[in-house]
Amino acid sequence: MRFCFVWAGLLGLLTLNAVAQPVPDTTYLLPPVTVTATRTPVQAAAAPARLTVLEAATLRRLGADTVADALEAQTGVFIRRYGAGGLASMSLRGTGASQTAVLLDGLRLTDPQLGQLDLALLPSVLLDRAEVMHGPASAVYGSDALGGVLHLRSYRPTGAPAVRAQLAAGAFGDRATSALVAHGVGRWQGAAAAEWRQADGAFSYLNTTTVPARSQRRTNADRQQGTLFGTLAYTAPAHSVRLGAWYSDAERGLPGLATTPATGERQWDRSLRLWGQTRVQAGATAATVKTLVQRSSLRYLHPGLGVDDTGRTWTAALDAEAQRVLGRRWLAGTGLAAGLGTARHPSLQDEARDARLGAFVHGTGQYGPLLLYPALRVDAYWVDGVRRTALSPRLGANLRLGASPLRLKASLGRAFRMPTFNDRFWQPGGDPTLQPERGWMADAGVHGAWPRLQAELGVYAGRVRDQIVWQPTDAGFWAAFNNQRVQLRGLEASLRTERPTPLGVAALALTYTLTDARDRSDPTRRSYNQPLRYVPLEQATVRLGLTRTVGPTQLGADLLPRYVGRRYVTTDGDRRQALDPFVTVDAGAFIAAPFRGGTLTLAVDVDNLADRPYAVIKDYPLPPRHARVRLLFDLSP
């Protein structure tokens, strides 16, 4: 019923905008060009699948320090947060963090040992945009893309001088500073960025497990992180080269469950990523080669148990592709992708290694108002001399309905995920014979784009088999098994509009997701046909914004309510142990004025405005109401 009211209001706005007449100061919402869904440039409205795009300007306005903050605020993606400053991973269409491919400029970032990335450690300062593709994408990007793709686009200098700097301070010891400079000379362009963040995380929360319940302060929750980023590019009419480097170093305390005393656990995360790309255009053919080398280490300390272990991983990736125009209707592409990975850890069996090789073909064809997007990929993985293969087909279509602004989207595809090094080699419990997870998904939707409004509604259904789960054994340890089947069904809706009003330009952005993810493994078990753990049935975000220009000064304010539905903690769907739905409201305001050739902005952000106690994961409380002040200087073209 709640969804019916939301969508009725959305349809009302659609109808209103369809008949409204343009006014002189209309704001036109032009869809960005993206290659995440097809490997070829296409507008989000014309893509075969649902795409959500966050631009750098939006990230700065919302005060999103990390990728996790940005996705949580505006995309409808569910972020699993293990407390403030703790692990933050994403769940897309009911799949897990290891079932979503994470890319940087088209190259995979996923850690081969863990199979996921901590989005709380990915700063937004180095990003030009973030794109989320909803739905299977193994036909385009290979392993992990069962639920979708998170594609991070690093900052690309344009050649014109650019300077961005920010200072921020807030509650619980929150301090941050960042800077970015960029410049170009002739065909050369370069940029460098740095960021430092820290917080003590010592907020108060209500411990309801004590009798009586009492207020406690979170301890051992401090964190600090530094990031360095640089890029250099050479651009000629038919040839371009781009190099990039990114170093990150983070340390944080692990406070553990809020119901138990902190044990002094700590974690150190370090990573170095070097990548490059070259592109050559020759007539109707374009060739692109991308490569990435990544070294990471994770040190875990538990003084009480006498544990001080460090895991180290190394990966290298190469992606080569050629695209050519075929006749008047088709743009076709073909390529190869290769990679190597190693991991060392005291609990891994010797040094874990794997190698992969993939070959793919794809195309974009246009027949009047109909766009077709076929793709096919085959991947082979070698682990300890054993080969695993996966075939991933996908077909997508996009149909424009006459002269109207409506487009129909549909796609059907298969996807897979290879087991991680931990799944295969962790001692005890790992199993080198594990099979890849495999699944398929179909989706269909409608997208509408008017001068002042964009809206999209879609549904999907799919299944995953051979999903890997860790379960307790009779021998007293946990082990990995290919024994879970999952059924996925859902609905996704979004709306974005801007309107001039007497007070200024008003903006409204809505997202709503309905996710029904169920265990369909074993009819004899209590978990059969029950919702998966920590997958909310419903989630909704709203952004209400107002921007007013007074002479050379701009003022703005945003209100950001967010609703997250019930999350089941146990596999048997026990509502008595489930986490209740919650609503949080964040707010922000800013004033921006010209300063020394650029813009100086003073912003104030308030999180959890209603001061409601809540947690995304059980016994990992999130902070009460708190404020943050930011001072930004921007000199950009």
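## Backbone geometry in the loops

R596 sits in the loop that separates β31 from β32. In this predicted model, R596 has a positive phi of about 50 degrees although it is not a glycine. R596 counts as exposed because its relative accessibility is 73%, and the cut-off for that class is over 50%.

Y534 is another non-glycine residue with a positive phi, here about 55 degrees. Y534 belongs to the loop between β28 (504–519) and β29 (538–550). With a relative accessible area of 7%, Y534 is buried, since buried means under 20%. A further backbone feature is the cis peptide bond between Q427 and P428, where omega is about -5 degrees. P428 lies in the loop that runs between α5 (421–425) and β25 (437–450).

L167, V550, L555, I591, F595, L600, L602, V604, V629 and L631 make a nonpolar surface patch of about 780 Å². Two or more residues of this patch come from each of β31 (582–595), β32 (598–607) and β33 (626–635). The largest share, three residues, is that of β32.

L167, one of the patch residues, is found in strand β10, which spans residues 162–170. Its relative accessibility is 51%, so L167 counts as exposed; the class begins over 50%. In soluble globular proteins, nonpolar side chains tend to be buried together.

## Nonpolar cores

The largest nonpolar core has 36 residues, and L119, L150 and L152 are those with the most contacts inside it. Elements that give two or more residues to this core are the helix α3 (67–74) and the strands β5 (88–91), β6 (100–104), β8 (127–134), β9 (148–154), β11 (175–185) and β12 (188–199). The largest share, four residues, comes from α3.

Beyond its neighbours within four places in sequence, L152 is in contact with V67, L103, L104, D105, L109, L122, L127, R129 and A130. A second, separate core has 17 residues, among them A44, A101, A137 and Y373.

## Surroundings of R252

R252 is found in strand β16, residues 239–253. With a relative accessibility of 6%, R252 counts as buried. The R252 side chain reaches the backbone oxygen of G85 at 3.0 Å.

Leaving aside neighbours within four places in sequence, the residues in contact with R252 include G85, G86 and L87. The contacts of R252 also take in D118, L121, D222, R223, R266, Q267 and D269.

## Salt bridges

The structure holds 38 salt bridges. One of them joins R628 and D65, whose closest N and O atoms are 2.5 Å apart. This pair links distant parts of the chain, with R628 in strand β33 and D65 in the loop between α2 (56–61) and α3, 563 residues apart. R628 and D65 are both buried.

R81 forms a salt bridge with E72, and the closest N and O atoms of this pair are 3.1 Å apart. R81 counts as buried at 11% relative accessibility, and E72 likewise counts as buried at 13%. In the salt bridge between R353 and E351, the closest N and O atoms are 2.5 Å apart. Here R353 counts as partly exposed because its relative accessibility is 48%, and E351 counts as partly exposed at 30%. A network of salt bridges links E55, R129, E131 and R153; R129 is also one of the residues in contact with L152.

Terms used. Residues numbered from 1 in each chain as written. Predicted model: local features only at pLDDT ≥ 70, side-chain atom pairs only at ≥ 80, totals over all residues. Heavy atoms only, no water. Patch = residues over 30% accessible without salt bridge, like charges linked within 9 Å, V, L, I, M, F, W, Y side chains within 5 Å. Areas by Shrake-Rupley, 256 points an atom, 1.4 Å probe, with all protein chains shown as cover. Salt bridge = Lys/Arg side-chain N within 4 Å of Asp/Glu carboxyl O. Buried < 20%, exposed > 50% of the residue type's maximum accessible area, 1.4 Å probe, protein only. Polar contact = N/O pair within 3.5 Å; in protein donor to acceptor, adjacent residues only side chain to side chain. Contact = heavy atoms within 4.5 Å. Core = buried A, V, L, I, M, F, W, Y, C linked by side-chain atoms within 4.5 Å.
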